[in-house]
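Q: I am new to this structure and would like a close look at a single part of it. Please walk me through that part, then show me what else is there.

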Amino acid sequence: MIRRQRLAAGVGALLAALTAGLAFPAGAVADETTASAPKVNLVLDVSGSMRAKDIDGGTRMAAAKQAFNEVLDATPEEVQLGIRTLGADYPGDDRKTGCKDTAQLYPVGPLDRTEAKTAVATLTPTGWTPIGPALLKAADDLDGGTGSKRIVLISDGEDTCAPLDPCEVAREIAAKGIGLTIDTLGLVPNVKMRQQLSCIAEATGGTYTSVEHTDELTDKVNQLVDRAADPVVTPVATQGADSCAKAPTLKSGLYTDREEFGQERWYRVDVDPGRELRASVSVAADRAMNPGHGVLLRAVTVHGREIVRGEAGGNGRTDVVSTGLRYPKAESDEDEAPAETVCLQVTNSFSPAAGVKTTPGMPLELTVDVVDGPSQASDVASFGLGRGWWLLGALVLTGFLAGLVWGWLSRWRVAVWRTN
């Protein structure tokens, strides 16, 4: 009996040890996953000016609430999301008190959609616009963890609590090196607000977007929240030259540069036989622009002959203009054929609005990718038609034959008519 009891106790202890051994690694994995989860803090301006009724017939606050509800429904499960307000609680005239009016409405963490929506529903436009203090607190909310960190600031006016300049606050946050990006959205923007929100975004490598409709606000916030869940790719700073001969040689990767109005930037890429160059460029309109502008990306030889180009135009209502190109290098009969140096030229036709500073240049993002080429690289670049060249030839031949048949039938009908 004693032996049986000892055996049962030993088996129980072994099972307990195995259970504990399995449990701890699982907990460790869970902790590691939580630590690396992407975090987003939505910072919403709830100052008194959000009562204005100029967005789709309703108030700015109503548009923000509707957008938030849709964003909360669409937030990916892996994203830890929080909501911070500014100007939501103090209705008085004391500036010192009003400039401290920022609070975490919903803590950054796993999202309970019902609880977050209930919190958003209680908001009422109230007080001041302490953007600087709110950004400092929002950065603290995202402290810890190794995943991407993003603040999305939605405001309808510039900060009212200087001398704590929000742009300087953003630079201070960027200087900490914690990998935090601030994106800004301006509701019904004016010049001063655009300048301030653009400066905040630019200081941390974020984006500024002007918004005048509810669906635009929803789409942009959704896009930024989804972007937080994407793998983090850090662009490499480079400096293009004013000619191909002086241009830096780039490998596959993501690069950032700046381009002034009407300026051209040159880069070089080596393409081996049987490989394909894929390049794209985006130029951000980070300040007020005149309508009607474009971006041109050209691939040319070192002797200046154009190989292929990509171009795109804007109408002044977009914040980024992008274009791209592809160039497949045909296989060579030589065993060790040298790579071809392709020169990439980026030019723009942007022009600044009156009173807008032209320096520094506009943010430019260039993606370069050299991949295995298609099986018949020489066929792909046939006047930009690829294998559609054969389809075009078939259509031309069909049209020619149809014309002959139609002409013969017409002449036959005329002959019959004359005979009768």
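With which residue does Arg-298 form a salt bridge, and how far apart are the closest N and O atoms?

A: This is a predicted model. Arg-298 forms a salt bridge with Glu-306. The closest N and O atoms of that pair are 2.8 Å apart.

Start with the two partners. Arg-298 counts as buried, because its relative accessibility is 16% and the cut-off is under 20%. Glu-306 is partly exposed, with a relative accessible area of 30%.

Strand E13 covers residues 293-300 and is mostly covered. Eight of its eight residues are buried. In a regular strand, side chains alternate between the two faces of the sheet. In E13, His-293, Val-295, Leu-297 and Ala-299 point one way. Gly-294, Leu-296, Arg-298 and Val-300 point the other way. Both sets are buried.

Next come the neighbours of E13. Strands of a sheet pair through backbone hydrogen bonds, either parallel or antiparallel. E13 pairs with strand E14, residues 306-314, in the antiparallel sense over eight bridges. Within that pairing, Gly-294 has Gly-313 of E14 as its bridge partner. E13 and E14 form a hairpin with five residues between the strands. In that hairpin, Gly-304 takes a positive phi near 95 degrees.

E13 also pairs with strand E16, residues 340-348. This pairing is antiparallel too, and it runs over six bridges. Arg-298 has Gln-345 of E16 as its bridge partner. Val-300 stands opposite Cys-343 in E16.

Step back to the sheet. Four strands form an open sheet in the order E11-E16-E13-E14, with antiparallel pairing. The edge strands are E11 (264-271) and E14, each of which pairs on one side only. From one strand to the next, the twist averages 15 degrees.

Return to salt bridges. The structure holds 16 of them. One joins Arg-150 and Asp-183, with the closest N and O atoms 2.4 Å apart. Arg-150 lies in strand E6 (residues 149-155) and Asp-183 in strand E7 (residues 180-187), so this pair ties together parts 33 residues apart in sequence. Arg-150 is buried, and Asp-183 is buried as well.

Another salt bridge brings together the side chains of Arg-275 and Asp-372, at 2.6 Å from N to O. This pair links distant parts of the chain. Arg-275 sits in strand E12 (residues 275-284), Asp-372 sits in strand E17 (residues 362-372), and the two are 97 residues apart. Arg-275 is partly exposed, with a relative accessible area of 25%. Asp-372 is exposed, at a relative accessible area of 59%. There is also a network: salt bridges that share partners join Asp-54, Arg-60 and Asp-156.

Thr-238 is found in the loop between strand E9 (236-237) and strand E10 (253-259). Thr-238 is buried, with a relative accessible area of 18%. Leaving aside neighbours within four places in sequence, Thr-238 is in contact with Pro-248, Leu-250, Tyr-255, Thr-256, Asp-257 and Tyr-267.

Finish with the helices. Two packed helices are described by the angle between their axes and the distance between the axes. Take helix H6 (residues 166-175) and helix H7 (residues 191-203) as one case. Their axes come within 8 Å and cross at roughly 5 degrees. That makes H6 roughly parallel to H7. On the H6 side, the contact is made by Pro-166, Cys-167, Ala-170, Arg-171 and Ala-174. On the H7 side are Gln-196, Cys-199, Ile-200 and Ala-203. By class, the residues of this H6 and H7 contact are seven nonpolar, one polar and one charged.

The other case is helix H2 (residues 60-74) with helix H4 (residues 113-121). They pack at an angle of about 170 degrees, with their axes 10 Å apart. H2 and H4 are therefore roughly antiparallel to each other. H2 contributes Lys-65, Phe-68, Asn-69, Leu-72, Asp-73 and Ala-74 to the contact. H4 contributes Arg-113, Ala-116, Lys-117, Val-120 and Ala-121. The contact of H2 with H4 has six nonpolar, one polar and four charged residues.

Definitions and conventions
Residues numbered from 1 in each chain as written. Predicted model: local features only at pLDDT ≥ 70, side-chain atom pairs only at ≥ 80, totals over all residues. Heavy atoms only, no water. Axes fitted to C-alpha atoms, helices over the stretch in contact; angles between N-to-C directions. Parallel < 35°, antiparallel > 145°, perpendicular 65-115°, else oblique. Contact = heavy atoms within 4.5 Å. Nonpolar A, V, L, I, M, F, W, Y, C, P; charged D, E, K, R; others polar. Salt bridge = Lys/Arg side-chain N within 4 Å of Asp/Glu carboxyl O. Buried < 20%, exposed > 50% of the residue type's maximum accessible area, 1.4 Å probe, protein only. Pairing = 2+ DSSP bridges.
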